[in-house]
Structure formats: C-alpha cells, structure tokens
Amino acid sequence: MSKQILVISASFRKNGNSETLCNQFIKGALEAGNRVERINLNDKHINFCHGCGVCNNTHKCVQKDDMEEILNKMVEADVIVFATPVYFYSMNGQMKTFIDRCVPRYTEISNKEFYFIIAAADTCKQNMQRVLEAFRGFTEDCLDNAKEKGIIYGTGAWNIGDIQSSPAMDEAYQAGLHA
C-alpha cells in the first residue's frame, strides 16, 4: 500500500549533507511506490511563535505565513521525515522554529511514522543524542501514537559532499525503501 511521505528539511545549503541524505531517502521511498513531497524550510516564510496562546482555542495561528500549508500536509501524511544539520549539538534554529509553530494543530498530527535525519561534523553518534531527544520531545511526548521508525546519523560530514562516502547514504536509501 502506497504511503504519503512528507520530508521536511531544515538545511540551508543546497546539496548539503542533510539534503543529500533526504535525496537518498526519497529515492528509496519512490522506488517502493510511495508518494513523496519534500519541503525545504529555507524556501518557506515561517515566523517565530509569539506564544500568544490564541491557537490553543482556535487551532489557527494569528500569523499569516507558510506554516498553515505545512501543517495541512503534516496532518495528511502517513510518514514524516525531519532532517536537520546539527549546530552546536542541537537541531538548527530553523527546525526548532518550525516545531514550535506546530502548536495550532499538533493534536491532529497523530498516528504518524517518523524518521529523523541528523547530519553533523562530529563523528560520534552519542553526541547527537540532544538532537534526538529534542525530536522525541515533540513526537513522543506531544503527538498521539507517533511511531519512531528510524534514525539516520550522517556524522563526520562538515563540508558539502562529505556525506557521499558515509554508510548513512545507504541507510537513508534503505529507510526510504522500507518506509
């Protein structure tokens, strides 16, 4: 059965390491017959959450930017992939801002499968646990029936293209193939 997969990438660099891993995931997912859409957060206008609380009652944000469109796609997706480069041992600010802005409809983002793609210069997967815990804080603690399906650690990748020789390339492809 074909799944609707939404890949959300926080990479600022075109053809950067996390984006390259997204491409591998997408390649596998498409070969498996799934429908895939990628959203590059860098191409979207997403403001910071103002913490006004209006959305707690209305389930709509008072800000008019690209977030409503993305939330609609998240609600419709079967599988969601979050991909981020690591900045100082955490997800980049763009990904964090995006997650913060999920408040208006987070209760509707239920029964989803999640994959996490984490690209970092550091070579130690253990050092990426803070990023993983931040993702899990959102998916496991805030969303109903979220299922973590896989983590792709693209470690040891500082410069654009460093990821090409990493085992993470095949891991991302295989994850997409079996999503």
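Is Arg-136 buried or exposed? First, some ground rules. This is a predicted model, in which local features need pLDDT of at least 70 and side-chain atom pairs count only at pLDDT 80 or more, while totals for chains, interfaces and linings use all residues. Residues are numbered from 1 along each chain as its sequence is written, and side-chain values use heavy atoms, with hydrogens and water left out.

Now to our opening residue. Arg-136 is buried, with a relative accessible area of 19%. The word "buried" here means under 20% relative accessible area, "exposed" means over 50%, and "partly exposed" is in between, using a 1.4 Å probe and protein chains only. Arg-136 has a salt-bridge partner, Glu-148, and their closest N and O atoms are 2.7 Å apart. By salt bridge I mean a side-chain nitrogen of Lys or Arg within 4 Å of a carboxyl oxygen of Asp or Glu. Arg-136 sits in helix α5 (residues 129-142) and Glu-148 in strand β6 (residues 147-154), so the pair ties together parts that are 12 residues apart in sequence. When I say helix or strand, these are DSSP runs numbered from the N terminus: H or I of at least four residues for helices, E of at least two for strands. Glu-148 itself is partly exposed, at 31% relative accessible area.

How many salt bridges does the structure hold? There are 12. Let me show you another, between the side chains of Glu-113 and Lys-3, at 3.0 Å from N to O. This pair links distant parts of the chain, 110 residues apart: Glu-113 is in strand β5 (residues 113-119), and Lys-3 is in the segment before β1. Glu-113 counts as buried because its relative accessibility is 15%, and Lys-3 counts as partly exposed at 21%.

Next comes Arg-101, which forms a salt bridge with Asp-65, the closest N and O atoms being 2.6 Å apart. Here too distant parts of the chain are linked: Arg-101 is in the loop between α4 (93-100) and β5, and Asp-65 is in the loop between α2 (55-58) and α3 (67-76), 36 residues away. Both partners are in the buried class, with Arg-101 at 3% and Asp-65 at 15%.

Let's turn to the strands. β1 (residues 4-9) and β2 (residues 35-40) run parallel and are joined by six bridges; for strands to pair, DSSP has to find at least two bridges between them. Along this pairing, Ile-8 stands opposite Ile-39 in β2. Together with helix α1 (residues 17-31), β1 and β2 make a right-handed β-α-β unit. Right-handed means that, with the strands pointing away from the viewer, the path from the first strand over the helix to the second runs clockwise.

Helix α1 is also where you will find Cys-22. Cys-22 counts as buried because its relative accessible area is 0%. Which residues is Cys-22 in contact with, leaving aside its neighbours within four places in sequence? They are Val-7, Ser-9, Arg-38, Ala-83 and Ile-117, where contact means heavy atoms within 4.5 Å.

Finally, please look at Phe-88, in the loop between β3 (79-87) and β4 (90-91). With a relative accessibility of 83%, Phe-88 counts as exposed.
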